[in-house]
Amino acid sequence: MKAIVVTDQAAGTAGMTLVERPEPQAAINDVVVQIHASGFVPTELAWTSTWTDRRDRDRTPSIPGHELAGVVTALGYGTTWTVGRTAGVRPRRLASRRQPWRSM
């Protein structure tokens with residue numbers, strides 16, 4: 001799959017590159033979504049969650065995009081979704097964390 005990744009926080013949007021990434025595997029309680037559209041704002045590169053996870057571990061290279069829409073292509077164990085279902089995620093109004101998947 002192709003994705004826009006960032007590896008250097010100081011470089012800003014100039015540090016974004018389109019690269020080939022391996023196809024993701026669905027983990028327990030996860031779904032894999034083929035993205036058809038994704039939203040990005042330049043301030044996202046300043047968000048702590050772009051560069052580190054909740055345990056303060058490095059997330060680089062990071063794939064920005066805090067809103068998305070697509071179709072489920074793979075299911076992890078324990079999910080109740082179906083392949084082919086439309087999916088999307090949008091940010092909470094006052095937080096940078098992602099909301100759970102929702103059917104569109």
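Figure 1. Gly39 stands opposite Glu67, a residue of β4. The model shown here and in the other views is predicted. Strand β3 covers residues 31–39, and strand β4 covers residues 67–75. These two strands pair in the antiparallel sense, over eight bridges.

**Figure 2. Leu68 and the pairing of β4 with β5.** Strand β5 is made of residues 86–89. Four bridges join β5 to β4, and the two strands run antiparallel. One of the places to look is Leu68, whose bridge partner in β5 is Val89.

**Figure 3. The sheet formed by β3, β4 and β5.** The three strands make an open sheet in the order β3-β4-β5, with antiparallel pairing. Strands β3 and β5 are the edge strands, as each pairs on one side only. From one strand to the next, the twist averages 35 degrees. In a regular strand, side chains alternate between the two faces of the sheet.

**Figure 4. The largest nonpolar core.** Seven residues make up this core: Val31, Val33, Leu68, Val72, Trp81, Ala87 and Val89. Each of the strands β3, β4 and β5 supplies at least two residues of the core. Leu68 and Val89, which are bridge partners, are both among the core residues. Nonpolar side chains tend to be buried together in soluble globular proteins.

Figure 5. Trp51 lies in helix α1, which spans residues 48–51. Is Trp51 buried or exposed? Its relative accessible area is 8%; buried means under 20%, so Trp51 is buried. Leaving aside neighbours within four places in sequence, Trp51 is in contact with Val6, Thr7, Asp8, Gln9, Leu45, Arg57, Asp58, Arg59 and Thr60.

**Figure 6. Two distances at Trp51.** Which residue places its backbone oxygen 2.7 Å from a polar atom of the Trp51 side chain? The residue is Leu45, which is also listed among the contacts of Trp51.

Terms used
Residues numbered from 1 in each chain as written. Predicted model: local features only at pLDDT ≥ 70, side-chain atom pairs only at ≥ 80, totals over all residues. Heavy atoms only, no water. Pairing = 2+ DSSP bridges. Buried < 20%, exposed > 50% of the residue type's maximum accessible area, 1.4 Å probe, protein only. Contact = heavy atoms within 4.5 Å. Polar contact = N/O pair within 3.5 Å; in protein donor to acceptor, adjacent residues only side chain to side chain. Axes fitted to C-alpha atoms, helices over the stretch in contact; angles between N-to-C directions. Core = buried A, V, L, I, M, F, W, Y, C linked by side-chain atoms within 4.5 Å.
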